[in-house]
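Hello,

Here is the structure for you to look over. My notes follow below it.

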Amino acid sequence: MDDKKILKKIEAIIIKTLKKEGGASGLDPLKKAIEKLDKPKGFSLTKILSKMKNVKKHKNSDYILTPINENSLTKNELK
């Protein structure tokens, strides 16, 4: 498999993992999710995360799936 296909697969698993974690995750669950996959030479998870358009790093180090859908909060969650 070529590097582009491998990276697309890794990105898909990162997105799936972030969704499973409620939209945000630390680095460890993301590392664990891709640990058994083949990776291109010189692969860096943090570099991939920084290049992904729909993933942002929060100021407290978690990675967040964007856009954040704040409209889905219920009235009770806003109190």
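Which residue in β3 does Lys 57 stand opposite? Lys 57 faces Tyr 63.

First, the ground rules. The model is predicted: local features need pLDDT of at least 70, side-chain atom pairs count only at pLDDT 80 or more, and totals for chains, interfaces and linings use all residues. Residues are numbered from 1 along each chain as its sequence is written, and side-chain values use heavy atoms, with hydrogens and water left out.

**Overall**

The chain has four helices and three strands. Both are DSSP runs, numbered from the N terminus: helices are H or I with at least four residues, strands are E with at least two. From the N terminus, the order is α-β-α-α-β-β-α. Of the 79 residues, 23% count as buried. Buried means under 20% relative accessible area, exposed over 50%, and partly exposed in between (1.4 Å probe, protein chains only). Contact means heavy atoms within 4.5 Å. Among contacts between residues at least 6 apart in sequence, 52% join residues at least 24 apart.

**The sheet**

Three strands make an open sheet, ordered β1-β3-β2, with antiparallel pairing. The edge strands are β1 (24-25) and β2 (55-57), each pairing on one side only. Two strands pair if DSSP finds at least two bridges between them. Three bridges join β2 to β3 (residues 63-65).

**Helix packing**

Helix α1 (residues 3-20) lies across β1, β2 and β3, at about 90° to β3. Axes are lines fitted to C-alpha atoms, for helices over the stretch in contact; angles run from 0 to 180 degrees between N-to-C directions.

α1 also packs against α2 (residues 27-34), at about 130° and with the axes 10 Å apart. The two helices are therefore oblique to each other. The classes: under 35 degrees is roughly parallel, over 145 roughly antiparallel, 65 to 115 roughly perpendicular, the rest oblique. From α1, Ile 10, Ile 13, Ile 14, Thr 17 and Leu 18 meet Pro 29, Leu 30, Ala 33 and Ile 34 of α2. Eight of the residues in this contact are nonpolar, one is polar and none is charged. Here Ala, Val, Leu, Ile, Met, Phe, Trp, Tyr, Cys and Pro count as nonpolar, Asp, Glu, Lys and Arg as charged, and the others, Gly among them, as polar.

**Two backbone points**

A cis peptide bond joins Thr 66 and Pro 67, with omega about 0°. Pro 67 sits in the loop between β3 and α4 (75-78).

Ser 61 is not a glycine, yet has a positive phi of about 85°. Ser 61 lies in the loop between β2 and β3. At 43% relative accessibility, Ser 61 counts as partly exposed.

Best wishes
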